[in-house]
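Please keep the sequence and the structure in view while reading.

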Amino acid sequence: MVTFIKILIASIFVGILAVFWNRSSFDPESLRGARVLVTGASSGIGEQMAYHYARFGAKIVITARRKKILEKVIEKCLSLGAQEALYVSGDISNETDSENVVDFALEKLGGLDYLVLNHVGKSGFAMWNGDMDHFRSLMKVNFFSYVQMAWRALPPLEQSKGSIIVVSSIAGKMSSPFAAAYTATKCALNGFFGSLNHELAMKKSNVSISICTLGLIDTETALNAVRGIIMAPAYPATEAALNIIITGQTRQQELYYPWFTYVMNLTKDWFPSLTNYIIRSSLNYNP
């Protein structure tokens, strides 16, 4: 037990140190005039990222399905100081729409410095029931569209020495009940972009990839999905959004937010039985 406590304290220290290290090297001025495409930006973390980028004076294109809501987000972005703010609505699960979104941003902004992949398909928080149609649909939104948009944006990002920011989840690092399909999509994201990051480094590419591992965030969608099941606290979307932006600007390979998700990722390998017990015990479930 003493050894476990020492390891836990050391892990917490490393996690906190990593957060403050990223912040200390953050240069917000570099985002002034930066050309940014943010997906899933009509609400939640994506919306908050759009507002942060606007405050930093970036040029922004946002996308989601809901046109009227995107118009309101754009209006606020302009009031916050965005040099440019445009939107394009579309269904990211559609291959044509995915490519069109990237092409729209490249045309309107004259290039791209940051591709922020944040969109997510609707998925309930319940036992796996064998629904393969939903599984395939979720993979299209949560995984295949990410790959397709990244590939489309790679050449212009290479020219601008830009960055791909992938918003993932602790579910992509460690499995948990009630989210089998969602977890599979996030594991796929982490695996693909982790591999792509290696390949870009081996080719001495100018493009950086940041994979952002998030815990429970207080977005309306997330809270509605887990209400009455997960008792853990949710963390603010605006703070998560800022940490994602900092990670991308500092070209860090990974972000863990909140900090204890880093500790969880370590302990799952060191103490798998204990970690599994904690996960199951934190859920309100009666067979």
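## Cysteines

A disulfide is taken here as a pair of cysteine sulfur atoms within 2.5 Å. By that criterion, a search of the whole structure finds zero disulfides. Cys187 takes part in none, and the nearest cysteine sulfur, that of Cys212, is 16 Å away.

Cys187 is partly exposed at 37%, whereas Cys212 is buried at 0%.

## Basis of the model

The model is predicted, so that local features need pLDDT of at least 70 and side-chain atom pairs count only at pLDDT 80 or more, while totals for chains, interfaces and linings use all residues. Residues are numbered from 1 along each chain as its sequence is written, and side-chain values use heavy atoms, with hydrogens and water left out.

## Salt bridges

Side chains of opposite charge can pair when their charged atoms come close. With a salt bridge defined as a side-chain nitrogen of Lys or Arg within 4 Å of a carboxyl oxygen of Asp or Glu, a search of the whole structure finds eight. One of them joins Asp91 to Arg65, with the closest N and O atoms 3.2 Å apart. Asp91 lies in the loop between β3 (84-89) and α4 (95-109), and Arg65 in the loop between β2 (59-64) and α3 (67-80), so the pair ties together parts that are 26 residues apart in sequence. Helices (H or I, at least four residues) and strands (E, at least two) are DSSP runs, numbered from the N terminus. Asp91 is partly exposed, with a relative accessible area of 27%, while Arg65 counts as exposed at 59%.

Another salt bridge forms between Arg152 and Glu99, whose closest N and O atoms are 3.4 Å apart. This pair links distant parts of the chain, given that Arg152 belongs to helix α5 (residues 132-160) and Glu99 to helix α4, 53 residues apart. Both side chains belong to partly exposed residues, Arg152 at 33% and Glu99 at 27%. Salt bridges that share partners join Glu99, Asp103 and Arg152 into one network.

## Overall dimensions

The protein has 10 helices and seven strands. For 287 residues, a compact globule would have a radius of gyration near 19 Å, and the protein agrees with this at 19 Å; the radius is taken over C-alpha atoms, and the globule rule is 2.2 Å times the number of residues to the power 0.38. Along the principal axes, the C-alpha atoms fill a box of roughly 55 × 40 × 40 Å.

Of the 287 residues, 46% count as buried. Contact means heavy atoms within 4.5 Å, and among contacts between residues at least 6 apart in sequence, 72% join residues at least 24 apart. The protein exposes about 14400 Å², of which carbon and sulfur atoms supply 57%, the areas coming from the Shrake-Rupley method with a 1.4 Å probe.

Lys268 sits in helix α9 (residues 260-270), and its side chain meets that of Asp269 in a salt bridge at 3.4 Å, N to O. Asp269 is exposed, with a relative accessible area of 56%. Not counting residues up to four places away in sequence, Lys268 touches Lys173, Met174 and Thr275. Between Lys268 and Leu255 there are 13 residues of sequence separation and 18 Å in space, C-alpha to C-alpha.

Thr275 is found in helix α10 (residues 272-281) and counts as buried at 8% relative accessibility. The side chain of Thr275 reaches the backbone oxygen of Thr267 at 3.1 Å. Leaving aside neighbours within four places in sequence, Thr275 is in contact with Met174, Thr267 and Lys268. Thr185, in helix α6 (residues 180-202), is buried at 0%, and with the corresponding neighbours up to four places away left out, Thr185 touches Leu138, Met139, Asn142 and Phe143.

Conventions: Buried < 20%, exposed > 50% of the residue type's maximum accessible area, 1.4 Å probe, protein only. Polar contact = N/O pair within 3.5 Å; in protein donor to acceptor, adjacent residues only side chain to side chain.
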